[in-house]
Amino acid sequence: MKNRQEIIEALNEAIQLEHTLMLQCEHQALTVRGLWRAAYNPFFTELSDEARDHARKFGQKVVGLGGNPLMAVGEIKQSDDVFEMLEFDLELERRALAAYSRALALCEEGTVLRSMLEGHL
C-alpha cells in the first residue's frame, strides 16, 4: 500500500476524535438533567459505546497497517444545555467523518480497508 503512513495518520485522527466523543458522551449521559434525562441518557450512552467500538475497530486496522493506534483525547466540551451537548457531539462526528473520508481517498480500490471505510461512511 503506497499511502500507508498517510492512511495511518488519517485513521489516528479519527480514532482520537472517537475517543473524545466516547468520553464526552459518557459525561453527557451522566450529567443530562430534568425532563431530558429519560430520553437522552440512553442516547448519549449508546453514542459513547458506538464511538468506543469505532475507535477499537479502526485501531486494529492501524495495527494491521504496521502503525500504532493513537490513544489520545481532545477537548471534552461540557454544557448543561442538551441542545448545546448535541451540537458538541455533531461537531466531533463531522470532524471524524472528514478524517475517515481522507483515509478512504487514500485507499486503493478493492482493499479490505477501503470496503470497511465505505461501509462505515
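Predicted model: local features only at pLDDT ≥ 70, side-chain atom pairs only at ≥ 80, totals over all residues.
Let me start with helix H3, which has 25 residues and reaches 37 Å from its first C-alpha to its last, close to the 36 Å expected at 1.5 Å a residue, where the expected span is 1.5 Å times one less than the number of residues, and where helices (H or I, at least four residues) are DSSP runs numbered from the N terminus. Residues are numbered from 1 along each chain as its sequence is written, and side-chain values use heavy atoms, with hydrogens and water left out.

The protein chain has four helices and zero strands, a strand being a DSSP run of E of at least two residues, and the C-alpha atoms fill a box of roughly 50 × 25 × 20 Å along the principal axes. Of the 121 residues, 39% are buried, that is, under 20% relative accessible area with a 1.4 Å probe, protein chains only.

Back in H3, the buried residues are Val82, Met85, Phe88, Asp89, Leu92, Ala96, Ala99, Tyr100, Ala103 and Leu104, and what covers them includes H1, H2 and H4.

Now to the pairing with H2. The axes of H2 (residues 37–64) and H3 (residues 82–106) come within 13 Å and cross at roughly 20 degrees, which makes H2 roughly parallel to H3; the axes are lines fitted to C-alpha atoms over the stretch in contact, the angles run from 0 to 180 degrees between N-to-C directions, and roughly parallel is the word for angles under 35 degrees. On the H2 side the contact (heavy atoms within 4.5 Å) is made by Tyr40, Phe43, Phe44, Leu47, His54 and Phe58, and on the H3 side by Val82, Met85, Leu86, Asp89, Glu93 and Tyr100.

H2 itself has 28 residues and reaches 40 Å from its first C-alpha to its last, close to the 40 Å expected. Among its buried residues are Tyr40, Phe44, Leu47 and Phe58, and the buried residues of H2 pack against helix H1 (4–31), H3 and helix H4 (112–120). Just after H2, Gly66 takes a positive phi of about 95 degrees.

Finally, which residues is Gln28 in contact with, leaving aside its neighbours within four places in sequence? Gln28, which lies in helix H1, is buried with a relative accessible area of 1%, and its contacts are with Phe44, Met85, Phe88 and Asp89.

Conventions: Parallel < 35°, antiparallel > 145°, perpendicular 65-115°, else oblique. Buried < 20%, exposed > 50% of the residue type's maximum accessible area, 1.4 Å probe, protein only.
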